[in-house]
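Subject: Structure for your files

Hello,

Here is the structure I promised to pass on. My notes on it follow below.

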Amino acid sequence: MADAFFYDSGERSQYRCLGEEIQIEHIKAYICKPSFFTDKAVIVIHDIFGWLFPDTRYIVDLVALQGYIAICPDFLKGKEPWKTTDHWADFADWMKDHDPMKVDREADVVLKYLKEQCGAKKIGIIRDSEERYNLLNPTFFIFGEKDHTISYDQITLLEEKLKQYCKVAYKIKVYPGQVHGFAQLKPEDMKPQDKPYIEEARQDMIDWIKMYI
C-alpha cells in the first residue's frame, strides 16, 4: 500500500467564520466584507484542500478586516478536495480531474460579480502556488524554508528567472523553519516557535496588498 501524502494539515480548532457562502451563477463562494463600503477587492485562491478549509476562510476574513472585499470561489467546482488521508500515489490521478488551469470561466464570473455587484475597481489575488515568470501584476511569493512542495534550489531558480524576465514588481521571501501552508494557521493553531514567522508573513502580505491595491 502506498504511503499517505506526507503533508499533514494537523488538527484544527473550530472556527466561526465572519463571512457567508454565496452562489454566483454556477459557482459557490465564501465572501467576507468590511463594515464600510470599499471599491477594493481580493480574490483568495484556495489550495488542494478546497474552499471549505478553515485556514483558507480565516485568511479571507483576515483580509476583509483590513478593509477589502475578500472572496474565495470554489475553483474545484463541487469536486472533492484533496484530503490528508488520501495517498500520495493517487495524487496524479486526482489532478487529472482537478486541472487548476481550467478555471478561466469561473474567474471571469467572479470578476464580473465583484465589479458589477460589489462596485470593485481594484482587484488583487492571493494564491497558493507558483506563477510563471512573465507576471502580469505585482506578486509577492511567500515560502516556508521547510516546504516539501518546493526546494530551496527551485526558489533560487524562480528568483533568477524573475530577474531575467519579469517586468513588474515582485518579492520573494523565505521564512525560517516553516512548512507548506504555514501562513494560513489561525492563532489558536500556531505553535509558539512558529508564531513570530506566521505573524510576520501575514503582515508582509497585508503590507504588499496595501501597496498595490
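I will start with a charged pair. Asp189 and Lys186 form a salt bridge through their side chains, 2.9 Å from N to O; the term stands for a side-chain nitrogen of Lys or Arg within 4 Å of a carboxyl oxygen of Asp or Glu. Asp189 and Lys186 are both buried, that is, under 20% relative accessible area, where exposed is over 50% and partly exposed lies in between (1.4 Å probe, protein chains only). Through salt bridges with shared partners, Asp55, Lys186 and Asp189 belong to one network.

Before the rest, some ground rules. The model is predicted, so local features are taken only at pLDDT of at least 70 and side-chain atom pairs only at pLDDT 80 or more, while totals for chains, interfaces and linings use all residues. Residues are numbered from 1 along each chain as its sequence is written, and side-chain values use heavy atoms, with hydrogens and water left out.

Confidence

pLDDT is the predictor's confidence in each residue, from 0 to 100. Its average over the chain is 86, and 89% of the residues score at least 70. Residues 1-7 have pLDDT below 50; this stretch has 21 contacts in the model beyond near neighbours in sequence, a contact being heavy atoms within 4.5 Å. Where pLDDT is low, the predicted coordinates should not be read in detail.

Overall layout

The chain has five helices and seven strands, in the order β-β-β-α-β-α-α-β-β-α-β-α from the N terminus. Helices (H or I, at least four residues) and strands (E, at least two) are DSSP runs, numbered from the N terminus. The chain has 213 residues, of which 43% are buried. Taking contacts between residues at least 6 apart in sequence, 76% join residues at least 24 apart. The accessible surface is about 12600 Å², with 51% of it belonging to carbon and sulfur atoms; these areas come from the Shrake-Rupley method with a 1.4 Å probe, and for residues only the protein chains shown count as cover.

Helix H1 and the cores

Helix H1 covers residues 54-65, and ten of its twelve residues are buried, so H1 is largely enclosed by the rest of the structure. Among the buried ones are Asp55, Arg57, Tyr58, Val60 and Val63. What do the buried residues of H1 pack against? The partners are strands S1 (20-24), S2 (27-32), S3 (40-44), S4 (69-73) and S5 (122-126), together with helix H5 (195-212). Just after H1, Gly67 has a positive phi of about 100 degrees.

The largest nonpolar core has 19 residues, and Val42, Val44, Val60, Val63, Ile126, Met205 and Ile209 have the most contacts inside it. Such a core is a set of buried Ala, Val, Leu, Ile, Met, Phe, Trp, Tyr and Cys residues joined through side-chain atoms within 4.5 Å. S2, S3, H1, S4 and H5 each give two or more residues to this core, and the largest share, six residues, comes from H1. Leaving aside residues up to four places away in sequence, Ile209 touches Val42, Tyr68 and Ile126. Another core, of 15 residues, lies apart from the largest one, with Ile24, Ile71, Val109 and Ala120 among its members.

Other salt bridges

The structure holds eight salt bridges. One of them joins Arg57 to Glu21, with the closest N and O atoms 2.9 Å apart. This pair links distant parts of the chain, since Arg57 is in helix H1 and Glu21 in strand S1, 36 residues apart. Arg57 is buried at 7% relative accessible area, whereas Glu21 is partly exposed at 47%.

Glu200 and Lys173 also meet in a salt bridge, 2.7 Å from N to O. Here helix H5 holds Glu200 and strand S7 (residues 170-175) holds Lys173, 27 residues apart. Glu200 is partly exposed at 32%, and Lys173 is partly exposed at 21%.

Backbone points to check by eye

Glu25 has phi near 55 degrees, positive although the residue is not glycine. Glu25 sits in the loop between S1 and S2 and is exposed, at 52% relative accessibility. Lys77 likewise has a positive phi near 55 degrees and is not glycine. Lys77 lies in the loop between S4 and helix H2 (91-96) and is partly exposed, with a relative accessible area of 41%.

Regards

Conventions. Expected span 1.5 Å × (residues − 1).
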